[in-house]
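Trainee: I would like a close look at a single part of this model, and then how its surroundings are built.

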Amino acid sequence: KTIAQLIASNSTAVLIYDDQKLAAEILGGLRAEPEIAAAALYDRNGSRYVTFVQDNVRIGRDLEMPRRPGRDGIEFHLRDVTVFEPIVEGSQRVGTLYLRGDLTGMYRRLGVYGLVLLGVLAIATVIAWLLSQFFQRLISEPIVGLAHTARVVSEKRDYAVRAPKLSNDEIGGFTEAFNSMLNQIQESHSALRASEERLSAVFQQ
(Lines give C-alpha, C1' and ligand atoms only; values in the text may rest on other atoms or scores of the structure.)
Protein backbone atom coordinates (compact mmCIF):
# COMPACT_ATOMS: atom_id res chain seq x y z
CA LYS A 1 0.00 0.00 0.00
CA THR A 2 2.83 2.40 0.83
CA ILE A 3 4.68 1.60 -2.41
CA ALA A 4 1.44 2.07 -4.35
CA GLN A 5 0.83 5.49 -2.78
CA LEU A 6 4.38 6.63 -3.58
CA ILE A 7 4.23 5.51 -7.20
CA ALA A 8 0.73 6.93 -7.65
CA SER A 9 1.84 10.35 -6.40
CA ASN A 10 4.83 10.30 -8.81
CA SER A 11 2.71 9.17 -11.75
CA THR A 12 0.26 12.06 -11.81
CA ALA A 13 2.28 14.22 -14.18
CA VAL A 14 3.13 11.43 -16.65
CA LEU A 15 -0.55 10.63 -17.12
CA ILE A 16 -1.58 14.26 -17.44
CA TYR A 17 1.18 15.09 -19.97
CA ASP A 18 1.11 11.65 -21.63
CA ASP A 19 4.78 10.79 -21.03
CA GLN A 20 4.78 7.04 -21.58
CA LYS A 21 8.56 6.73 -21.45
CA LEU A 22 8.82 8.37 -18.04
CA ALA A 23 5.90 6.25 -16.82
CA ALA A 24 7.79 3.09 -17.83
CA GLU A 25 10.87 4.37 -16.00
CA ILE A 26 8.84 4.99 -12.84
CA LEU A 27 7.46 1.47 -12.89
CA GLY A 28 10.93 0.13 -13.77
CA GLY A 29 12.09 1.27 -10.35
CA LEU A 30 10.08 -1.64 -8.94
CA ARG A 31 12.90 -3.99 -9.93
CA ALA A 32 14.41 -3.07 -6.57
CA GLU A 33 11.32 -4.62 -4.94
CA PRO A 34 11.53 -8.35 -5.79
CA GLU A 35 8.25 -9.09 -4.03
CA ILE A 36 6.38 -6.89 -6.55
CA ALA A 37 5.66 -9.31 -9.40
CA ALA A 38 3.93 -6.89 -11.77
CA ALA A 39 2.54 -3.37 -12.04
CA ALA A 40 0.51 -1.35 -14.49
CA LEU A 41 -0.69 2.20 -15.02
CA TYR A 42 -4.18 2.84 -16.41
CA ASP A 43 -5.33 6.16 -17.81
CA ARG A 44 -8.50 7.98 -16.85
CA ASN A 45 -10.51 5.89 -19.32
CA GLY A 46 -9.36 2.63 -17.73
CA SER A 47 -7.11 1.66 -20.64
CA ARG A 48 -3.77 0.07 -19.84
CA TYR A 49 -1.06 2.70 -20.30
CA VAL A 50 2.23 1.02 -19.34
CA THR A 51 3.07 -2.27 -17.64
CA PHE A 52 5.93 -3.70 -15.64
CA VAL A 53 6.82 -7.33 -14.97
CA GLN A 54 9.72 -8.64 -12.92
CA ASP A 55 12.37 -10.50 -14.89
CA ASN A 56 11.59 -13.86 -13.25
CA VAL A 57 7.85 -13.64 -13.96
CA ARG A 58 6.12 -14.59 -17.20
CA ILE A 59 2.81 -13.13 -18.23
CA GLY A 60 0.27 -15.83 -18.92
CA ARG A 61 1.99 -18.65 -17.08
CA ASP A 62 2.72 -17.01 -13.72
CA LEU A 63 0.14 -14.22 -13.77
CA GLU A 64 -2.52 -12.54 -15.86
CA MET A 65 -2.38 -8.77 -16.21
CA PRO A 66 -5.87 -7.27 -15.83
CA ARG A 67 -7.14 -5.43 -18.90
CA ARG A 68 -8.98 -2.83 -16.87
CA PRO A 69 -8.57 -1.62 -13.28
CA GLY A 70 -10.57 -3.29 -10.56
CA ARG A 71 -12.07 -1.92 -7.40
CA ASP A 72 -9.82 0.39 -5.38
CA GLY A 73 -8.11 -1.18 -2.38
CA ILE A 74 -6.19 -4.29 -1.38
CA GLU A 75 -7.28 -7.85 -2.10
CA PHE A 76 -5.47 -10.90 -0.74
CA HIS A 77 -5.29 -14.24 -2.53
CA LEU A 78 -3.61 -17.50 -1.67
CA ARG A 79 -0.38 -16.79 -3.56
CA ASP A 80 -0.43 -13.03 -4.06
CA VAL A 81 -1.92 -9.69 -3.08
CA THR A 82 -3.23 -7.05 -5.49
CA VAL A 83 -3.57 -3.30 -4.99
CA PHE A 84 -5.54 -0.82 -7.09
CA GLU A 85 -4.54 2.71 -6.10
CA PRO A 86 -6.29 5.77 -7.56
CA ILE A 87 -4.10 8.45 -9.14
CA VAL A 88 -5.63 11.83 -8.36
CA GLU A 89 -4.74 15.40 -9.32
CA GLY A 90 -6.61 17.72 -7.02
CA SER A 91 -10.18 16.42 -7.02
CA GLN A 92 -9.91 14.81 -10.46
CA ARG A 93 -8.96 11.19 -11.02
CA VAL A 94 -6.43 10.87 -13.81
CA GLY A 95 -5.71 7.13 -13.65
CA THR A 96 -5.18 3.97 -11.62
CA LEU A 97 -2.09 2.10 -10.45
CA TYR A 98 -2.10 -1.69 -10.23
CA LEU A 99 0.43 -3.63 -8.14
CA ARG A 100 0.66 -7.37 -7.69
CA GLY A 101 2.77 -8.68 -4.82
CA ASP A 102 4.08 -12.22 -4.56
CA LEU A 103 3.48 -13.82 -1.15
CA THR A 104 6.10 -16.56 -1.61
CA GLY A 105 8.67 -14.61 0.37
CA MET A 106 6.20 -14.08 3.18
CA TYR A 107 5.40 -17.80 3.32
CA ARG A 108 9.12 -18.53 3.35
CA ARG A 109 9.62 -16.18 6.28
CA LEU A 110 6.65 -17.70 8.08
CA GLY A 111 8.22 -21.12 7.58
CA VAL A 112 11.49 -19.89 9.07
CA TYR A 113 9.63 -18.28 11.97
CA GLY A 114 7.74 -21.53 12.51
CA LEU A 115 10.98 -23.53 12.65
CA VAL A 116 12.49 -21.00 15.05
CA LEU A 117 9.35 -21.20 17.21
CA LEU A 118 9.48 -25.00 17.23
CA GLY A 119 13.16 -24.85 18.19
CA VAL A 120 12.42 -22.42 21.03
CA LEU A 121 9.56 -24.62 22.24
CA ALA A 122 11.78 -27.71 22.11
CA ILE A 123 14.53 -25.95 24.09
CA ALA A 124 11.97 -24.62 26.57
CA THR A 125 10.55 -28.12 27.00
CA VAL A 126 13.98 -29.57 27.70
CA ILE A 127 14.77 -26.79 30.18
CA ALA A 128 11.40 -27.29 31.89
CA TRP A 129 12.05 -31.03 32.15
CA LEU A 130 15.52 -30.46 33.62
CA LEU A 131 14.11 -27.95 36.11
CA SER A 132 11.35 -30.38 37.08
CA GLN A 133 13.94 -33.09 37.69
CA PHE A 134 16.05 -30.72 39.77
CA PHE A 135 13.12 -29.51 41.89
CA GLN A 136 11.86 -33.06 42.21
CA ARG A 137 15.15 -34.09 43.80
CA LEU A 138 15.23 -30.90 45.82
CA ILE A 139 11.64 -30.80 47.09
CA SER A 140 9.50 -33.74 46.04
CA GLU A 141 11.77 -36.63 47.05
CA PRO A 142 12.34 -35.40 50.66
CA ILE A 143 8.60 -34.79 51.09
CA VAL A 144 7.78 -38.21 49.66
CA GLY A 145 10.33 -39.73 52.09
CA LEU A 146 8.70 -37.94 55.03
CA ALA A 147 5.24 -39.07 53.94
CA HIS A 148 6.45 -42.68 53.61
CA THR A 149 8.07 -42.61 57.06
CA ALA A 150 4.92 -41.13 58.62
CA ARG A 151 2.79 -43.83 56.97
CA VAL A 152 5.06 -46.62 58.27
CA VAL A 153 4.95 -45.17 61.80
CA SER A 154 1.16 -44.83 61.65
CA GLU A 155 0.46 -48.30 60.27
CA LYS A 156 3.13 -50.46 61.96
CA ARG A 157 3.68 -48.46 65.15
CA ASP A 158 7.40 -48.73 64.43
CA TYR A 159 9.04 -45.69 65.99
CA ALA A 160 12.54 -46.84 65.06
CA VAL A 161 12.25 -45.81 61.39
CA ARG A 162 13.76 -42.50 60.32
CA ALA A 163 13.19 -40.27 57.31
CA PRO A 164 16.32 -39.89 55.13
CA LYS A 165 17.82 -36.40 55.12
CA LEU A 166 18.60 -35.50 51.49
CA SER A 167 19.54 -31.83 51.78
CA ASN A 168 20.70 -29.16 54.18
CA ASP A 169 18.02 -26.62 53.39
CA GLU A 170 14.69 -25.92 55.11
CA ILE A 171 13.32 -29.31 54.11
CA GLY A 172 16.45 -30.95 55.55
CA GLY A 173 15.85 -29.05 58.79
CA PHE A 174 12.24 -30.17 58.79
CA THR A 175 13.41 -33.77 58.29
CA GLU A 176 15.74 -33.45 61.28
CA ALA A 177 12.91 -32.06 63.43
CA PHE A 178 10.64 -34.94 62.30
CA ASN A 179 13.30 -37.51 63.18
CA SER A 180 13.89 -35.81 66.54
CA MET A 181 10.19 -36.05 67.24
CA LEU A 182 10.32 -39.76 66.41
CA ASN A 183 13.27 -40.14 68.82
CA GLN A 184 11.25 -38.57 71.61
CA ILE A 185 8.22 -40.72 70.80
CA GLN A 186 10.41 -43.82 70.71
CA GLU A 187 12.01 -42.96 74.06
CA SER A 188 8.62 -42.26 75.62
CA HIS A 189 7.24 -45.47 74.14
CA SER A 190 10.23 -47.48 75.44
CA ALA A 191 9.90 -45.92 78.91
CA LEU A 192 6.18 -46.68 78.93
CA ARG A 193 6.77 -50.31 77.99
CA ALA A 194 9.44 -50.64 80.68
CA SER A 195 7.06 -49.20 83.24
CA GLU A 196 4.33 -51.61 82.14
CA GLU A 197 6.74 -54.52 82.45
CA ARG A 198 7.70 -53.47 86.02
CA LEU A 199 4.06 -53.06 87.01
CA SER A 200 3.26 -56.48 85.49
CA ALA A 201 6.11 -58.05 87.44
CA VAL A 202 4.88 -56.44 90.66
CA PHE A 203 1.33 -57.70 90.12
CA GLN A 204 2.62 -61.19 89.30
CA GLN A 205 4.62 -61.25 92.56
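Which span should the 53 residues of helix α4 have at 1.5 Å a residue, and how far apart are its end C-alpha atoms?

Mentor: The model is a predicted one. Helix α4 covers residues 104-156, and at 1.5 Å a residue its 53 residues should span 78 Å. The end C-alpha atoms are 72 Å apart, which agrees with that expectation. The helix also has a kink of about 45°, and this kink is centred on Q136. Just after α4 comes R157, whose phi is positive, at about 55°.

Next, the buried side of the helix. The buried residues in α4 are G105, P142, G145, L146, T149, V152 and V153. What the buried residues of α4 pack against is strand β5 (92-102) and helix α5 (170-204).

Eight of the eleven residues of β5 are buried, so the strand is largely enclosed by the rest of the structure. Two strands pair with β5. One of them is β4, residues 80-89, which runs antiparallel to β5 and is joined to β5 by ten bridges. Within this pairing, E89 has Q92 of β5 as its bridge partner. β4 and β5 form a hairpin with two residues between them, and in the turn G90 has a positive phi of about 70°. The other partner is β1, which is joined to β5 by seven bridges and is likewise antiparallel to β5. Here I36 stands opposite G101 in β5.

Strand β1 covers residues 36-43 and contains A40. A40 has a relative accessible area of 0%; buried means under 20%, so A40 counts as buried. Leaving aside residues up to four places away in sequence, A40 touches L27, R48, V50, T51, M65, T96, L97 and Y98. A40 and P66 lie 26 residues apart in sequence, while their C-alpha atoms are 8.8 Å apart in space.

For contrast, take a residue in a loop. D18 sits between α2 (12-16) and α3 (20-28). D18 has a relative accessible area of 54%; exposed means over 50%, so D18 counts as exposed. Its phi is positive, at about 55°, although D18 is not a glycine.

To return to the helix you asked about: α4 has a kink of about 45°, and its buried residues pack against β5 and α5.

Conventions: Residues numbered from 1 in each chain as written. Predicted model: local features only at pLDDT ≥ 70, side-chain atom pairs only at ≥ 80, totals over all residues. Heavy atoms only, no water. Helix = DSSP H or I, 4+ residues; strand = E, 2+ residues; numbered from the N terminus. Expected span 1.5 Å × (residues − 1). Bend = angle between axes of the 7 residues up to and from the residue. Buried < 20%, exposed > 50% of the residue type's maximum accessible area, 1.4 Å probe, protein only. Contact = heavy atoms within 4.5 Å. Pairing = 2+ DSSP bridges.
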